[in-house]
Amino acid sequence: MQLIFEKSRPGRKGFALPEIDVPIAPGLTEKYCRKQAAPLPEVSELDVVRHFSNLSRLNFSVDTNFYPLGSCTMKYNPKFTEKACALEGFSDLHPLLPQLLGGGMLAQGSLEVLYNTERLLSEITGMHAFTTQPLAGAHGELTGVMLIAAYHKNNGERRKHIIIPDSSHGTNPASAAIAGYNVVVIPTDKDGFLDMTAYKKALSRETAAVMLTCPDTLGFFNPKIKEIADLAHGAGALMYYDGANLNAILGKCRPGDIGFDVIHLNLHKTFATPHGGGGPGAGPVGVCEKLADFLPISRVIRRSDGTFALDYHKHKSIGYIAPFYGNFGVILKAYAYILCLGRAGLIEASENAVLSANYCLSRLKDYYAPAYGKRCMHECVLSAASQLEQGVHALDISKYLIDKGFHPPTIYFPLIVKEAMMIEPTETESKETLDAFIDCLIEAALLSKSNPEALHSAPLSMPVKRLDETKAAREPNLRWQQK
Amino acid sequence: MNYIPHTELEKKEMLKTIGVESVDDLFKHIPAELRPKSFNIPEGKSEFEVMEHLKILSRKNATNLTDFVGGGFYDHYIPAAVDALAGRAEFYTAYTPYQPECSQGWLQAIYEYQTVICELTGLDVSNASLYDGGTALYEAAMMAVRLSGRKKIIVDSGVSLIYRTMLYAYTSNLSIEFVETPVVHGQACREDIYKHLDDKTAAVIVQNPNFFGAVDDFSDIVERVHKCGALAIASVYPVSLGMLKSPGEMGIDIATGEGQSLGIPLSFGGPYLGFIAVKKEHMRQLPGRIVGATVDKDNKRGFVLTLQAREQHIRRERATSNICSNEALCALRALIYTCLLGKSGFYELARLNYQKAEFAKVTLDKVTGVKVKRSAPTFNEFTVCLPKNADEVVCSLIDKGFACGFPLGRFYKGLDNYLLVAVTEKRTKEEIVQFANSLEAVLCS
């Protein structure tokens with residue numbers, strides 16, 4: 001498809017501004033002005049509408065395709081939450097309003113949404129307090145690690161490293177490192193769990209925290225999780241919970257009860273806010289009581305008269321991590337979703353997510369080896385290692401799925417599983433959708449023996465065939481330029 | 001309502017295939033002592049009931065104020081086509097385009113967004129977006145530290161206090177030295193910047209227009225910064241770039257900013273859009289996703305995520321940033337918005353903002369006891385000195401239907417009588433005159 005810039009015609013306009021209704025003042029002196037107008041496209045409103053409507057149709061999305069991208073929880077995003085977000089009282093509210101004298105009373109509705117969401121998330125996870133400020137999951141991780149650093153500093157300690165399993169999300173070590181910590185990586189044992197011998201050896205008074213995903217990225221719930229937490233606490237370290245996989249355990253167990261001290265959630269995963277093509281998400285952070293004083297400012301508080309206000313007077317706080325109160329629009333959608341599902345609905349969500357993932361695993365295990373041969377929680381990791389013997393990679397199987405209208409699973413993650421395919425079906429997909437997807441994967445497994453070329457050449461039905469990624473990286477072309 | 005399609009019969013079939021009796025069997029391995037101590041969540045409600053609750057809450061927010069509050073976040077008009085197109089579920093229910101063949105729509109849109117950001121800033125390379133203007137500035141500072149191998153950063157105090165506070169919070173464990181230089185006559189103080197600039201300096205950070213609304217040309221600062229082997233970073237307000245000298249024209253190395261003003265609702269602070277653009281030689285230190293053009297097997301143009309060797313999913317603790325997602329949907333809104341306005345429209349928008357603000361300056365200056373600060377030129381926001389505490393004036397004007405500005409005393413000591421006033425294209429001549437009249441009334445009473 002042509003770029004919008006290639007559709008530009010000199011003099012064409014797509015939008016009319018109001019006429020100037022004030023007397024014309026002299027312009028700025030030349031020194032402050034740009035020499036030429038920015039060369040934005042000159043297109044009509046219909047040009048723009050058709051361009052982006054047609055572009056949208058080149059994407060797979062949850063609303064058009066099954067999207068079992070592991071670790072991303074691509075569940076259905078209820079439509080009414082979009083409508084709620086667009087209510088003028090929410091969408092037009094200036095974030096600085098409650099910071100004006102007397103302005104707090106002008107934002108009571110939004111402050112109540114934030115307060116209620118923090119309370120609900122605390123109860124769902126068993127944590128003492130929450131902040132909704134982090135703007136994404138990885139941003140929540142960074143905030144969490146900053147809280148951990150502030151806690152140790154307050155105790156007069158400067159601990160040096162954070163322990164992270166080799167099966168973790170890449171964001172975990174990256175977040176720890178950019179906050180100033182060294183990373184100690186613990187291998188996975190033969191059963192697919194954290195290697196306890198290596199863990200005990202690594203744990204010391206230098207350990208600031210242990211960062212874990214639970215269930216982990218292999219889709220397993222570690223029955224030794226409590227022991228791991230107790231050992232960490234014994235060494236004075238804190239336990240960090242990566243909430244990417246919370247959709248597996250709603251109402252079944254709570255990170256706070258297990259002994260996690262800091263957790264982040266991904267509202268765009270467990271709480272059904274749209275992924276937006278890669279954001280905006282939201283990564284609220286919950287803490288146990290001893291860490292509450294360090295949470296970012298401002299804090300939303302409920303006064304004795306039932307009104308809500310912002311509290312900036314927290315001298316132990318790590319400070320501002322976002323300009324305001326978080327991605328309010330995303331938080332509002334998650335709040336609406338939680339109210340809609342309620343207690344029973346949340347539990348059913350996890351039960352059915354786990355049911356669907358195990359169903360996929362059971363039907364596929366004879367064709368693709370399940371990682372570590374175990375039953376899973378809300379997602380299953382399969383290996384295409386035996387297909388590789390025929391020269392077929394997980395990537396080839398993915399491209400075949402695309403031709404059949406399915407978004408592929410997450411591939412090549414976790415890094416410790418050869419030719420990994422991580423399938424997260426979620427609770428909102430019907431059995432017939434799962435069956436069609438499973439049948440297609442079985443077909444690919446059979447084709448890998450009978451006709452591997454059919455997999456190597458896929459996809460054939462998309463707007464483009466396989467793209468040259470090496471060329472993209474070696475000869476970076478990162479913007480359009482007028483020839 | 002739980003959005004689960006499985007019927008009881010289907011559940012039974014699925015359990016049978018798995019080889020277990022009940023769903024509980026699938027959770028059996030979670031030890032009993034780890035089961036929830038409580039799970040006290042209200043029972044679910046229908047969509048209708050939840051919507052009614054939210055409507056009531058939304059009405060507890062003020063929506064009828066005439067808005068002169070800016071401070072980096074502005075009340076601009078959003079064309080309906082932006083909502084209509086960004087509201088297409090084929091965009092908003094997709095995820096990061098890991099699989100390029102079935103994500104060409106998103107990839108092309110991001111490539112186009114990157115182009116627009118480069119054109120506005122006058123720089124060579126943009127990434128696919130960051131969370132907001134503050135985190136973008138932090139990422140820029142970290143880029144400068146990596147590129148220069150130095151750890152001292154000079155920050156002009158005309159940079160938003162919100163962003164400076166974020167910068168200090170993020171780097172509190174990294175032994176980076178920050179030096180703040182004062183604003184003199186409304187603009188960045190050259191003398192003080194040069195005094196601190198040395199061979200340990202990684203970067204100088206400035207903002208245009210600055211928090212007080214003053215416009216500047218940093219070309220002279222940039223020249224001195226480069227002589228020291230440091231980088232020049234500018235946080236900029238994108239709508240002003242319709243008219244103001246671009247960071248690229250000033251020689252700036254890294255430009256960042258808050259993209260909210262490009263078709264994104266104020267929405268009480270988010271989701272917003274951080275943008276970052278750099279000179280070509282710095283692109284391999286950029287954080288986050290980047291989209292590049294390439295060709296497919298048939299030599300047909302297509303788009304992919306590229307330069308991924310910088311990123312956390314490959315480099316883990318050695319990545320340039322921990323960023324995983326971006327703010328794609330907000331970037332899409334900014335792209336659609338700038339395309340609708342187009343080359344001449346975007347200039348006209350900037351001009352309209354400037355002219356309305358100039359009129360407001362003249363009008364407010366006539367109010368008894370009010371003095372508009374005129375030491376430096378401004379774009380669409382400016383500082384006024386009031387004869388009494390700005391907090392109280394703001395409070396009184398709220399009762400008259402105006403959010404009349406941001407009291408600077410909240411962020412700057414000694415400026416208790418100063419008010420920061422923003423005027424966008426949405427403010428009419430009549431509203432500006434009414435604001436001045438109400439201010440006169442409040443000050444006289």
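This is a predicted model: local features need pLDDT of at least 70, side-chain atom pairs count only at pLDDT 80 or more; totals for chains, interfaces and linings use all residues.
Colleague: Why is strand β2 (residues 125–126) of chain B said to pair with β10(B)?
Modeller: Pairing requires at least two bridges found by DSSP between two strands. β2 and β10(B) have 2 bridges, in the antiparallel sense, so they pair.

Colleague: How many bridges join strand β9 (residues 254–258) of chain B to β10(B)?
Modeller: 5 bridges, and the strands run antiparallel. Within β10(B), Val278(B) is the bridge partner of Ile254(B).

Colleague: Why is strand β10 (residues 274–278) of chain B called mostly covered?
Modeller: A residue is buried if 20 or more other C-beta atoms, placed from the backbone, lie within 10 Å of its own. In β10(B), 5 of 5 residues are buried. Gly274(B), Ile276(B) and Val278(B) point one way, Phe275(B) and Ala277(B) the other. In a regular strand the side chains alternate between the two faces of the sheet.

Colleague: What makes a residue pair a contact, and how many residues does each chain give?
Modeller: Their C-beta atoms, placed from the backbone, must lie within 7 Å. The contact takes 172 residues from chain A and 164 residues from chain B. Helix α11 (residues 328–364) of chain A gives the most to chain A's side, with 22 residues.

Notes: Residues are numbered from 1 along each chain as its sequence is written. Chains are lettered from A and ligands numbered from 1 in the order in which they are written. Two residues are in contact if their C-beta atoms, placed from the backbone, lie within 7 Å. Helices (H or I, at least four residues) and strands (E, at least two) are DSSP runs, numbered from the N terminus. A residue is buried if 20 or more other C-beta atoms lie within 10 Å of its own, exposed if 12 or fewer, and partly exposed in between; C-beta atoms are placed from the backbone.
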